[in-house]
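Please read it beside the sequence and the coordinates.

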Amino acid sequence: MAEKSTQTPMRPEHPAGADLYQLAELSGGELVGADRTVLGATLRAQDAAPGDLFAALPGSKVHGARFAADAVAAGAVAVLTDAEGLRLLRAQPATADVPVLVHDAPREILGVVSARIYGDPSRQLTLIGITGTSGKTTTAYLTEAALRADGRVVGLIGTVEIRIDGVRVPSSLTTPEAPDLQRMFAVMLERGVDSVVMEVSSHALSLGRVDGARFAIGGFTNLSQDHLDFHRTMEEYFTAKSRLFDGASSVRAGEALVVVDDSWGERMAQVARRGAERLATVSTTGEAGWSVTAGISADAGSQTVLMTDPGGAEHVLTVPLPGAYNVANALLAVGLAATAGVPVETAIGGLAAVAVPGRLEKVDRGQDFLAVVDYAHKPAAVEAVLATLAAQTRGRIAVVIGAGGDRDTEKRPLMGAAAARGADLLIITDDNPRTEDPAAIRAAVRAGADAVPGDQRRAASIIETADRARAIAEAVEWAEPGDVVLVAGKGHETGQEIAGVKHPFDDREVLAAALDRRRPEPAADPAVLAVYIDGGAASLDSTRTLLRSVLVEAAEQAVGSAHRTPGADSAEGRRTWAFFGEFGSRDEDENARCVAHDLLGRLAVRLAVDQTVAVGPTRVARALYQGAIQEGSWGEEAAFYPTADDLLAQLRADAGTPAAPRAGDVVLVAGGSGLVEALVAHWRDQPDLDVRVHTR
């Protein structure tokens, strides 16, 4: 069932407008009736406004001309249609005299006609289009952040939302039709937008929804099986995507950036090399204009790599998301922003705090395992996200997954197979069955999972549960400390479509509720000092993960400066502390260790730790301290001690004051040789301090 618009479309306050005679000349159409000036365009009669051109397109069941009377009653002054539409219009008294722009293929000209009506707004914007199978949404958000870091006023048009300068605007449209798109460009231009980042789907390219748009820059992420219910073959799918780069295409981007990590990317680069004014390649695995030189660090929430730009300069790139594919997305985003004129370091800095709705989005309710929601609904995406989580966790993985109805049926068993190969527990459930039998969809996914040979299968258990909420709850109940629960398929969506009816359902909310039902012991007690340590071989990766989880638990108890009333005396509040020694072997590259420790100090600042303390005699430990200082200019709220003895002497002098941990505070200790043992012993030796050590 198509979702109906329940909101009045946003419109420019000062529309450019165009005469029907001019539109006929532009499009090769024929004007039947008097010339009129039109101020807007729409495909939906219920959205028509005074001065509009109503596009009455032929449909598979009903011709749009049958709704023209409603559009005219709402104020439309002209109609765009074909010869059959003209006949239907003239047969109705309400539309017998309305001016009509007639064209054999009205959909094919709707884009350029709409663009002219709204003053060709994309020609006055830096329009960046991003296409590909996976990664479009993530790359769009990252690119938006990189542009805004340079002071640009940015518009975002994507499958999740439409935003103007970071603020979501009302819209029920996930893939705007040509009139809606051009109208939104005009609104953005009036509101001061200078750059627009847009996801460009294969449907939008095939159906002419982006015709009339002038793309300054185009980006390509990757290609894998999807939408074969629409395109029939992968070759047709590739051809649709290539319209953004093909020199013969009316929407070909002026400059192109193409990720060449797969064979489809290499082919797209060949297309762009012939069609674009300038091409830059992007790769995380090989040589390219924008490339990854080395990995520095990674944990369950972020990763840092050394990257090289087309000029040969090296940069440290921190990606606030896990997974090699997100490194590719981030690298592409930096390249797109740089092509638009943003300094590379500025673009990189803009990426630091980006959160992408429904893309490996963490749901943290203080639990001792990782719970994430992801939009993965294609075989390659399922495989990639599971591989990412497996590489960055020591625990088991549960995945809750289904497949959509009324869509590509061939991918269903492939998704089941990918899930069975990548997860320890596979729970097959309903996604959006739409008008199909849910049991039949689940059976197809199950068949693919069951067909995986035993030596290739990771899943020790495969469960089928129709109720999606129950499936999510079962995965949460199964999880133990250190495990991962992945809810895949729907991501940011807030509804579940069953038998043609959309019901409220948000994976993130349902997962949070399930986590709340098994909430762990409170992290902090006002009467005790809570000390957290890593029970394994502490590393930078495990410490970053532990730091995040500890601070989430502290936040549940309102511990830390971020939860105090502005102006309150910090000496009276419960505080968070992080004591860090050095990590890794001194045989490793010292420069790389310095960078990684610097980033840990910066992370502590970004997570609002009240007091960050670095301990160690080398410049590696000092780099951690300097990272904290430079990230937040904290001064007294960060400290450095060459040895543990120096630190202990100061703690003894400060005991009982806000300058040292007290009852009610939350402390993390990690790294160094003997640092954990020395600090725990010191606190336990204090007679007025009840110490509880939590080992993770």
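Two strands are said to pair if DSSP finds at least two bridges between them, and the helices (H or I, at least four residues) and strands (E, at least two) named here are DSSP runs numbered from the N terminus. The model is predicted, so local features need pLDDT of at least 70 and side-chain atom pairs count only at pLDDT 80 or more, while totals for chains, interfaces and linings use all residues. Residues are numbered from 1 along each chain as its sequence is written, and side-chain values use heavy atoms, with hydrogens and water left out.

**Strand 13 and its partners**

Strand 13 (residues 217-220) is joined by 4 bridges to strand 14 (residues 255-259), and the two run parallel. Strand 8 (residues 126-131) also pairs with strand 13 in the parallel sense, over 4 bridges.

An open sheet of 6 strands has the order 30-29-28-31-27-32, with parallel pairing. Strand 30 (638-641) and strand 32 (691-695) stand at the edges with a single partner strand each, so one side of each is left without a neighbour in the sheet. The twist averages 20° from one strand to the next, angles being taken from 0 to 180 degrees between N-to-C directions and axes being lines fitted to C-alpha atoms, for helices over the stretch in contact. Within this sheet, strand 28 (residues 576-580) and strand 29 (residues 611-615) pair in the parallel sense over 4 bridges, and W577 stands opposite Q611 in strand 29. Helix 22 (residues 675-684) packs on the sheet, touching strands 27, 28, 29, 31 and 32, and its direction makes about 145° with that of strand 31; contact means heavy atoms within 4.5 Å.

| Helix pair | Axes come within | Crossing angle |
|---|---|---|
| Helix 5 (residues 136-149) and helix 11 (residues 324-339) | 8 Å | roughly 40° |
| Helix 9 (residues 234-241) and helix 10 (residues 263-275) | 11 Å | roughly 45° |

In the contact of helix 9 with helix 10, M234, E235, F238 and K241 meet W264, R267, M268 and V271.

**P357 in its loop**

P357 lies in the loop between helix 12 (344-350) and strand 19 (361-362), and at 19% relative accessibility P357 counts as buried. Leaving aside neighbours within four places in sequence, P357 is in contact with Y141, V160, H492 and R508. Y625, by comparison, is 268 residues from P357 in sequence and 33 Å from P357 in space, C-alpha to C-alpha.

Conventions: Buried < 20%, exposed > 50% of the residue type's maximum accessible area, 1.4 Å probe, protein only.
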